[in-house]
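Please look over the sequence and the model shown here before reading on.

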Amino acid sequence: MKKRVCRFWQRRYPTQPVQPGKPEKREHEYIRHGVRALLASFVVPTGHLVWNLGQTRTSADWAAHLANVVRQLPAMQRYDWVVDNLNTHWSLEVCRLVAQWCALPFTPKALHRGAQRRAFLGDPTHKHVFHFTPKHGSWLNQVELWFSVLARRFLKRGDYDSAQDFETRLYDYLEVYNTHHAHPYRWTYTGQPLVRATPFSQTRRQQREGRAWFSPRPKPFERAYCPPRPYKRSPASLVANL
């Protein structure tokens, strides 16, 4: 699950199509018509999308999107939501909705702090369990793969006359994707920590580019050919040269 702000614009001058011996030419000047917030959930087993498109991405919008997903997937025995650490993903509105779905008592005083809300949403005994990706690890969410497809195939070469034109064409693209192109992604990550076995300072790339020396002292050839500036020398060495 992910939120994405889609900025759309209109090219000031029309794009010149590809001709024999000439590439496509696009005008760099554009006219902005606004933004739209796309809330999308990627169904991992099937590859289908459930989305909501609006002008804002508040916690109320996110709760409405969750309700839309549950309405379209009512037969699930368990819901595992993979989200990043945006504060609207663990808001009080979301906790209220999960408590209603799981038939649990909702006590706002017990969910005053963010850590309490995240612990409540991540409780594995609930029917709806939220999994928050680690810090700087949003790439673990498979919906990021789909958003990269959306950016390449729809947004990159887009030229939209108005907000209504953008919404209409985006809805058409999403419907066509779900009907003809939806597929589960082949997940190659094995779960092993991504730690380099070779120290970073000993890789060939770092040695080739000259960034394999992390000591504050310069290398021997640097001391020979590039002696330190006088203002970088110690007072004892300066006195010895007098």
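## Basis of the report

The model is a predicted one, and the values given below are computed from it.

## Helix α1 against helix α2

Helix α1, which covers residues 59-72, packs against helix α2, which covers residues 92-101, at an angle of about 25°, and the axes of these two helices lie 9 Å apart. Since angles under 35 degrees count as roughly parallel, α1 and α2 are therefore described as roughly parallel to each other. The crossing that α1 and α2 form is right-handed.

On the side of α1, the contact is made by S59, W62, A63, L66, A67 and V70, while α2 contributes E93, V94, L97 and W101. Sorted by class, the residues in this contact of α1 with α2 comprise 8 nonpolar, 1 polar and 1 charged.

## Helix α2 against helix α3

Helix α2 also packs with helix α3, which is formed by residues 114-121, and here the angle is about 30°, with the axes 10 Å apart. By the cut-off of under 35 degrees, this angle makes α2 roughly parallel to α3. The crossing of α2 and α3 is left-handed, whereas that of α1 and α2 is right-handed.

In this second pair, L92, V94, C95, V98 and A99 of α2 meet R117, F120 and L121 of α3. The contact of α2 with α3 divides by class into 7 nonpolar residues, no polar ones and 1 charged residue.

How values were computed. Residues numbered from 1 in each chain as written. Predicted model: local features only at pLDDT ≥ 70, side-chain atom pairs only at ≥ 80, totals over all residues. Heavy atoms only, no water. Axes fitted to C-alpha atoms, helices over the stretch in contact; angles between N-to-C directions. Helix = DSSP H or I, 4+ residues; strand = E, 2+ residues; numbered from the N terminus. Parallel < 35°, antiparallel > 145°, perpendicular 65-115°, else oblique. Left-handed = near helix turned anticlockwise from the far one by under 90°. Contact = heavy atoms within 4.5 Å. Nonpolar A, V, L, I, M, F, W, Y, C, P; charged D, E, K, R; others polar.
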